[in-house]
2 protein chains.
Amino acid sequence: MNYDEAKNKFISTWGSLGTLWGINKAMAQIHALLLISPEPLSMEDIMEQLQISRGNTSMNLRQLMDWGIVFKENKMGERKEYFTSEKDVQELARQIAKERSRRELQPTIKILKDVSNIDEDGTAKTKELIKQTKALHEMADTLDILMNRVIGQDHNWITKALVKLIK
Amino acid sequence: MNYDEAKNKFISTWGSLGTLWGINKAMAQIHALLLISPEPLSMEDIMEQLQISRGNTSMNLRQLMDWGIVFKENKMGERKEYFTSEKDVQELARQIAKERSRRELQPTIKILKDVSNIDEDGTAKTKELIKQTKALHEMADTLDILMNRVIGQDHNWITKALVKLIK
DNA sequence: TTAAACTTTCAAAAAATATTGAAAGATTAA
DNA sequence: TTAATCTTTCAATATTTTTTGAAAGTTTAA
């Protein structure tokens, strides 16, 4: 496998993985491209390399910046904007975990809490609803605490977490 | 909030969450319905409660069974098939983690390994590609080991894992 | 000012994904 | 065997999501 093949394979794999994380293909591919690019890229560069439109590029770059994993960079004497990705993969993972907790986990926990707090009326169906949503609530809560602890850890958290769990 | 409101809220929340996990809305809703139903449900029951077609119900039930989180059940003297969900939420989480590792994580790890093994040719772009895909490979590998350890643990793994990490 | 260089917005079009429903396929009972 | 009951399949349709591209917006230089 040569450089171009490897690059394309990586970008397209990352692109299809994205879909499974609630991130669309173009967004994930832009991210992949920036991640392996030694230099910041301009919008034109990205459009050309991925063969996508200006509008698409603009919107997805914005989203990546909202996620906190892509940054604008200005080159001296140039009007054009350049973009880079967070290059430290552990920092990347932490940022993603943080955003997912905020966007998905926490809202879900709130709803589970509300639903599990309805009045017990003695029927089997109500009992079951309360029981199951309580169990889910408890698990989601634990997971969120766990994720946030992990986010607060230092740089090599993932290896450290692994060591702890194996012991 | 009364029973019906709570039930609908839970089913629709679970349904939209599903999308973010690579599971479609109908599939996630069927699962939610079965999870809070004290009795096994027939295909007719599910179609009626969720207002979806027979074909849709049939296909999504099959997928849920492929994921190992919904089971067929036969009532004595009845021809019709009934369905139940895995009711233990921790077992549910373990099953989902196991399947996601198998379907997504492991194939990705393989590709990252291939891509990071291309020949070093001294250029900056090749260096960066190798460096970043190696880092991702290492992280994905650690995560997979971590997930599989967790899967192998007993019933109350999540709380235990949390305790370990907090210490 | 104005013009040039660049970015964002958003309605329309395209592409991808999910859903339907009727026909074909199974399974069981008689 | 046939008929009844139930499930699966899949081409057609509907819905949702993504992408485009041109117009509007912004910023800077002169």
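These legends walk you through a few close-up views of a predicted model. Local features need pLDDT of at least 70, side-chain atom pairs count only at pLDDT 80 or more, and totals for chains, interfaces and linings use all residues. Residues are numbered from 1 along each chain as its sequence is written, chains are lettered from A in the order in which they are written, and side-chain values use heavy atoms, leaving out hydrogens and water.

**View 1. An open sheet of 3 strands in chain A.** The strand order is S1-S3-S2, with antiparallel pairing; strands pair if DSSP finds at least two bridges between them. Strand S1 (41–42) and strand S2 (70–74) of chain A are the edge strands, each pairing on one side only. Helices (H or I, at least four residues) and strands (E, at least two) are DSSP runs, numbered from the N terminus.

**View 2. Where S2(A) meets S3(A).** Strand S3 covers residues 81–85 of chain A, and its antiparallel pairing with S2(A) runs over 5 bridges. Look for Glu73(A), whose bridge partner in S3(A) is Tyr82(A).

**View 3. A charge over the ring of Tyr82 in chain A and in chain B.** Lys75(A) lies over the face of Tyr82(A), 4.4 Å from the ring centre. In chain B, the charged end of Lys75(B) sits over the ring of Tyr82(B), also 4.4 Å from its centre. Here, NZ of Lys or CZ of Arg must be within 6 Å of the ring centre and within 35 degrees of the ring normal.
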